[in-house]
Amino acid sequence: MKFPGSVLVSLSLFVAETAAALCLSGASRAAGDRMWQWLTLLFALLPCALVQLSLVFIHRDVSRDRPLVLLLHLLQLGPLVRCVEVFYIYFHAGRVEEPYVSITKKRQMPKDGYSEEIEKEVGQAEGKLCTHRSAFSRASVIQAFLGSAPQLTLQLYICVLQQEITAARSIFMVLSLLSIVYGALRCNILAIKIKYDDYDVSVKPAAYLCIFMWRSFEIATRVTVLVLFSSVLQIWTLPVVLVNFFGFFFYPWILFWQSKSPFPENIEKALSRVGTTIVLCLLTFLYAGINMFCWSAVQVKLNDPDLINKSQNWYRLTVYYMLRFIENAFLLLMWYIYKTDIYLYVCAPLLVLQLLIGYCMAVLFMLVFYQFCHPCKKLFSSSISEGLLSCFKFLCFICKPPKSTVLMDKAEVKSENTDEARSSSKTLDSQNGNPHQSVSSNA
């Protein structure tokens, strides 16, 4: 039975970031910055409430007679109670013989073209631990992209406006960045385990390192670009954010309406149609929040029973990173044109170059992960290099003019050249005289 280290890391980041937010909010109140105080509290308490809601929903606490647990969730102490329960189960596992066990069948990764199926006995304690790990993984994603990402953007924006970075705020920003990167990492691992549920997936340390570097560069550069742009063009910040957010929010719903599939009814038996709609809206809300800052490894598909698109779409990945790079470059260009006096001692061209190189480094680590470190790369129908090559060929084919148009243009140019040659020959004949006419006159 594996040690529940992911639960401990999730709880540590959750508690540390919440405590730092409360301390920084108190410091803002003492300094008289009421607006920064309330915004810091909002971005700290809203994800806390959503984390409690997700833990209650996954463990089905509403339908069970557990009033004390529900009360602790209302007091925002749910993660602490869950962590205590996890370690109680872990340290007491194996002391008492379990009345029954379940048998799961998993396939090994193919070796030399063959894949063996392995049966494994899973006891009640291990099943409960698996449920807790899954719940904390989802809670980490919610905490990261609905709380830590807006919080990091806000605190960096305050630092730019005040032209000062205090020790408390710098520690808070580091914690927020670690929370976002960890949430993105858990999102990648969740996507792998959901897509390849039939296989026994083991993620190696090199894969964790590649994901960590990939997400660190991607999120840090994205947040910095948004802060720089919003510091000089405050009016245009809201349209940029809304277009990004609602574009990703409505994209799964548009695909669902185009598929003309029936409304999903198998999410939770206890939920009504209205409750199912609320859950789906919250899911797409989280999906949009993730894609605002980085690539969502989990692609929402509402007409699928698991609500996840399990196919590996290299084309969508390529389009996302190309458009995001163009958007970041455009926002940096606008910042460079309209930068104010607060950036007087900043080397603007060097900063723009560093941010663009940082985003390219994120793409590089992403390519390394999918090409060499992905735990299920043997199951890919095509590698990332082949997929990107086919995507670029497709894009070049779209940009290239049709062959018939090229042939028509060549024919027109050729006919124009022929007409010019004929006209020039007639001009020479008229200037030098026609030899046939001179012979006839002599006769």
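**Note on aromatic pairs, helix packing and loop positions**

1. Trp253, with a relative accessibility of 9%, counts as buried, where buried stands for under 20% relative accessible area, exposed for over 50% and partly exposed for values in between, computed with a 1.4 Å probe on protein chains only. Trp257, by contrast, has a relative accessibility of 55% and therefore counts as exposed.

2. The structure is a predicted model, in which local features need a pLDDT of at least 70 and side-chain atom pairs count only at pLDDT 80 or more, while totals for chains, interfaces and linings use all residues. Residues are numbered from 1 along each chain as its sequence is written, and side-chain values use heavy atoms, with hydrogens and water left out.

3. Rings of Phe, Tyr and Trp (its six-membered ring) are taken as a pair if their centres lie within 6.5 Å, with planes under 30 degrees apart called stacked, those over 60 edge-to-face and the rest tilted. By this rule, the count comes to 22 aromatic pairs. For Trp36 and Tyr157 the ring centres are 6.3 Å apart and the planes stand at 75°, so this pair is edge-to-face. Since Trp36 belongs to helix α2 (residues 34-59) and Tyr157 to helix α5 (residues 124-162), the pair ties together parts that are 121 residues apart in sequence. Both Trp36 and Tyr157 are buried. The aromatic pair of Trp253 and Trp257 is tilted, with 6.2 Å from centre to centre and 40° between the planes.

4. One aromatic cluster is formed by Phe248, Trp295, Tyr320, Tyr321, Phe325 and Tyr359. Charged groups also meet aromatic rings: the charged end of Arg215 sits over the ring of Trp214, 4.1 Å from its centre, and the charged end of Lys339 sits over the ring of Tyr336, 4.2 Å from its centre. The criterion is that NZ of Lys or CZ of Arg is within 6 Å of the ring centre and within 35 degrees of the ring normal.

5. The axes of α5 and helix α6 (residues 167-195) come within 8 Å and cross at roughly 150°, the axes being lines fitted to C-alpha atoms, for helices over the stretch in contact, with angles that run from 0 to 180 degrees between N-to-C directions. α5 and α6 are therefore roughly antiparallel to each other, given that angles under 35 degrees count as roughly parallel, over 145 as roughly antiparallel, 65 to 115 as roughly perpendicular and the rest as oblique. The crossing in which α5 passes α6 is left-handed, a term for a near helix turned anticlockwise from the far one by less than a right angle, whereas clockwise is right-handed. In the contact of α5 with α6, the residues divide into 17 nonpolar, 10 polar and three charged, with Ala, Val, Leu, Ile, Met, Phe, Trp, Tyr, Cys and Pro taken as nonpolar, Asp, Glu, Lys and Arg as charged, and the others, Gly among them, as polar.

6. Helix α7 (residues 205-232) packs with α11 at an angle of about 155°, with their axes 8 Å apart. α7 and α11 are therefore roughly antiparallel, and α7 passes α11 in a left-handed crossing.

7. The loop between α5 and α6 deserves a check at Gln163, which has a positive phi of about 55° although it is not a glycine. Most residues other than glycine have a negative phi. At 53% relative accessibility, Gln163 counts as exposed. Ile165 is also placed in the loop between α5 and α6 and, at 58% relative accessibility, counts as exposed.

8. Lys377, in the loop between α11 (348-373) and α12 (384-399), counts as partly exposed at 35% relative accessibility; Lys377 and Met109 are 268 residues apart in sequence and 9.4 Å apart in space, C-alpha to C-alpha. Gly5, in helix α1 (residues 5-31), is partly exposed with a relative accessible area of 23%, and its C-alpha atom is 9.1 Å from that of Arg133, 128 residues apart in sequence. Gly123, in the loop between β2 (117-122) and α5, counts as buried at 15% relative accessibility, and the C-alpha atoms of Gly123 and Ala93, 30 residues apart along the chain, are separated by 9.3 Å.

Notes
Helices (H or I, at least four residues) and strands (E, at least two) are DSSP runs, numbered from the N terminus.
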